[in-house]
Amino acid sequence: MKKLLLGLLLIAGIAGYAQDEMTSVYELKLEHKITRYGTGLEGDGEVSYAASDKQLSIFDHSTGQVKWTKAFKEIAPKLRKVDVLIPFWEGDIIFLFDRKVGKDQIACVDLKTGELLWTTEKYQNLSEDNIVYIAEEKGFAVSLKDKLVFIKARTGEEKWSTSTFKGVIGKYVWKDGFIVAVNFKPSGLGALFSGFKNQIAKINLTNGEIAWEQAYIGRAERKAITREFIFTLDLEDDMVVLKMNGIQTYSFKTGAKLWAAAFDFTAQVIRPPKDAVRFGVYGAVAEPLFDGDDVYVLDMSNTKSQYLKKYDKNSGKLLWTSAEIKAARAIPVIAKSGDKIILQIGGTVEAQARVKVTTKNADGSVSISYEDRIWYPDVKPWGLMAINTSNGEAAWRSERFKKGISNSFTNEGNVIVSSGKALYSIVAATGDMNYEKELKEDGIGRGEKIMVYNDQVIVIGSKGVSAHNISDGKLNSSGKYKKSFLHDAIGDYAIMKTLRSDIACFDLRTCKYKQFKARKGAGVALSKDGNFVYIYEKKTVTKLKTK
């Protein structure tokens, strides 16, 4: 009887942890392996691609119907292999590169039909960094060693070139047939650009004339692995606003420098892994905070002295400088609540690296491969403080987080903070405590990140997801999973992914999840509406429902 009861309890326990599998919309089996893939979720994209070293398939990602499959040499006779594929979803075009020393082959192909649009050997040593699609003008800005070339996207016709703009176009803003572009020097390709200098310029896309150019402060960069730019460029009426280690503003019409509060800063809070060939730390310094006509900017230019500065947005006049913010190697969050600016000192930052892996084979030979890593280390020391908006004086500083902090946000006069082990609500005006809730009951391991969802705090743990009331910290729901990290979050859903590529899609309304056990190394993409997940593994593309 005891054995029977124990067995029933065991079965009940397993059932309690059992989770539904995600429902398959379709399973597409291709003729070839998938070594590279892309999900066309940008703009009005309707198709995605999956490729091997010799073949390319384009399929409708809504239905799983293959539009076409071709060998690269069938697409363009001079292509024998393809080293790089670059889709430009907005233009329905994909670039194929066959790298040969001094004889690089480039083929431009219609994504939807597989038709070869044009091919050339004219441009050498290009990468995904060198080519920017200007959707407004339906053309490519291609950066070469000695000039910038503008090419019609579907014909390959070269409209103009200029040697005045050096380096690669990073971000740009478009208006009335002109772009204002920031240049940058890609890592590993810097030697290609002789005479490089920091440059922001207004370019006439009709003829390539440079209407104006200015120098900018800082370094324009992409993230090491995911390749997003780590600066922003916006156009506000006639003001060009560049946020890069602070803020720099220019007149769109004349290029005149309006005002700047920018500081050279390189995050050196985490050491790179051994044998890293690319490495970067991101999110160590919060972007400037705009509040009406006021702008709050962190000055982290000196590793020993950090300050918060308040400026008038229109004139650039410095209104005040705070006292030194001592012992702050990272300040990843600035927020405003009432008449207080809240600063999070230390906490979780993002690190990315590409690491060379050397393997000794059984025959004594050596194989070289590369491993991409993304992780979220904590930067000490940790703390939270408030500064008065009127004069820059410190209002309060909490010592409660000496042992840890992940991240924080403000909500209706309160600061919601996670230490990794507990959830806190602190009165922004005074620093007094509303509540402190231990996360042990959640059963999701260490709290790695918190985010707001409707009237709840979502805790992303190392082993699952939980939800608490923002108002009182009460635990509403939790879902325990295995050791994993947040892959993506959109709308009502969050995707957790393990190092072996298994995924769990959590419904944030209930913290229940559905799972899919993928093969190690599988690719994962979440649709923009959060309703579907695409899995790429071996020769198969699987579309799954999140609901």
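Before I start on bridge partners: I count two strands as paired if DSSP finds at least two bridges between them. I also note that this is a predicted model.

Entry 1, the β4/β5 pair. I looked up how β4, residues 55-60, connects to β5, and found five bridges with the strands running antiparallel. For Gln-55, I get Ala-71 in β5 as the bridge partner.

Entry 2, the sheet around that pair. I traced an open sheet of four strands in the order β2-β3-β4-β5, with antiparallel pairing. β2 (36-38) and β5 (66-71) are at the edges with a single partner strand each, so one side of each has no neighbour in the sheet. From one strand to the next I get an average twist of 10°.

Phe-506 sits opposite Tyr-513 of β44.

I located Leu-343 in strand β28, residues 340-348. Is Leu-343 buried or exposed? I have Leu-343 down as buried, because its relative accessible area is 0%, against a cut-off of under 20%. Beyond its neighbours within four places in sequence, Leu-343 contacts residues including Leu-298, Ile-325, Val-333 and Met-385. I also looked up the C-alpha separation of Leu-343 and Met-385: 5.4 Å, with the two 42 residues apart along the chain.

Methods. Residues numbered from 1 in each chain as written. Predicted model: local features only at pLDDT ≥ 70, side-chain atom pairs only at ≥ 80, totals over all residues. Heavy atoms only, no water. Buried < 20%, exposed > 50% of the residue type's maximum accessible area, 1.4 Å probe, protein only. Contact = heavy atoms within 4.5 Å. Axes fitted to C-alpha atoms, helices over the stretch in contact; angles between N-to-C directions.
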